[in-house]
Amino acid sequence: MKIAVDAMGGDYAPYEIIKGVEKALDSFDIEIVLVGNKEQLDKYVKEKDGLTIVHAKDVITNNEPPVAAIRKKKDSSMAVGIEMLKRDEVDAFLSAGNTGALMAGSLFNIGRIKGIDRPALAPILPTLNGATILLDAGSNTDCKPINLFQFAIMGSVYAQKMLNVENPKIGLFNIGAEEEKGNELTKQVYDLIRNSHLNFIGNVEGRDIAYGIADVVTCDGFVGNAILKSMEGTASVISSLLKQELQRNIFTKLGAMLIYGALKNIVKKMDYTEYGGAPLLGIKKPVIKAHGSSKEKAIFNAIRQAKTIVEMDVISHIQREIELIGDDISAAK
């Protein structure tokens, strides 16, 4: 298996990206292609079995207009990596760079799964009972009912493969649990999912997500991104508060020593970097978006995630599911 990694994308590129790649090569039986400016990469990269560098002189920054950047900068690390995936030179592509450019480049060059109108970002969120897949998490701010229905279908397949859940529980994010709650969009989506073959548990409120009552939560990208950032911020604040209080005086420090193992497990469970990145579900080949602030551990886990997506053949399973229920999707439109 060969995975291409955008070495120049993200806040801590290329150094942290390279560290994550090296750790992955030490841990997994895979090959990795680092895509980026060779002159810069040579300063940090050590010779390693399974590691190659493909030169790309340009970088797409987060401040650039996504569509214009991906079309103009054909020799950027992101564009070159996407093109390699399109030509089947690699099995998956990972980037911590500009999300909009990654989505636009994947759509233009690789294309959507037949039957899917809009791909979705699908991060895995840590919860009290394990993990929940949220989609869309930011790539589609304005959605139609059919889009959220398709997100639910793709999320169900992804949960089966990645969370090892046989019949994933699907929740629709809403402002209340009652069926009649919400706006016109959520009311229409509610009926679509309820009348499908999916294991629909109804509306899910914001406070329910962290408890993990649903394996998959579907919503539009505007709402999903707000949920994602809020949960990341809350986890960070709780972690900081724990450190602050447990270091307050000698007694709290002694107490911290006694519960250090439990605290470490809690922090690890709340850490988004443990879950890697977010695949662009609906794209015809595996494309994974890592968090822009990803460091070594997050990149390592994103590579592990990409490896699992390829091994579990997630894209083909989504394609087959869409083909099987094509009539339901057509009727929903």
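Which residues form a nonpolar patch on the surface? They are Leu128, Ile201, Tyr211 and Ile213, and together they have about 380 Å² of accessible area. A patch here is made of residues with over 30% relative accessible area and no salt bridge, where like charges are joined within 9 Å and nonpolar side chains (Val, Leu, Ile, Met, Phe, Trp, Tyr) within 5 Å. The areas come from the Shrake-Rupley method with a 1.4 Å probe, and for residues only the protein chains shown count as cover.

A word on the model before we go on. It is predicted, so local features need pLDDT of at least 70 and side-chain atom pairs count only at pLDDT 80 or more, while totals for chains, interfaces and linings use all residues. Residues are numbered from 1 along each chain as its sequence is written, and side-chain values use heavy atoms, with hydrogens and water left out.

Strands (E, at least two residues) and helices (H or I, at least four) are DSSP runs, numbered from the N terminus. Isoleucine 201 counts as partly exposed because its relative accessibility is 37%; buried means under 20%, exposed over 50%, and partly exposed in between (1.4 Å probe, protein chains only).

Now to the charged residues. Side chains of opposite charge can pair when their charged atoms come close. The whole structure holds 14 salt bridges, each being a side-chain nitrogen of Lys or Arg within 4 Å of a carboxyl oxygen of Asp or Glu. Here are some of them:

| Pair | N to O distance |
|---|---|
| Lysine 19 and glutamate 16 | 3.6 Å |
| Aspartate 26 and lysine 48 | 3.0 Å |
| Glutamate 83 and arginine 87 | 3.4 Å |

Lysine 19 and glutamate 16 both belong to helix H1 (residues 15-27), where they are 3 residues apart, about one turn of the helix. Glutamate 16 is buried, at 13% relative accessibility, whereas lysine 19 is partly exposed at 24%. Both take part in a network of salt bridges that links Glu16, Lys19 and Glu296.

Aspartate 26 is exposed at 58% relative accessibility, and lysine 48 is partly exposed at 28%.

In the remaining pair of the table, glutamate 83 is partly exposed at 25%, and arginine 87 is partly exposed too, at 45%.
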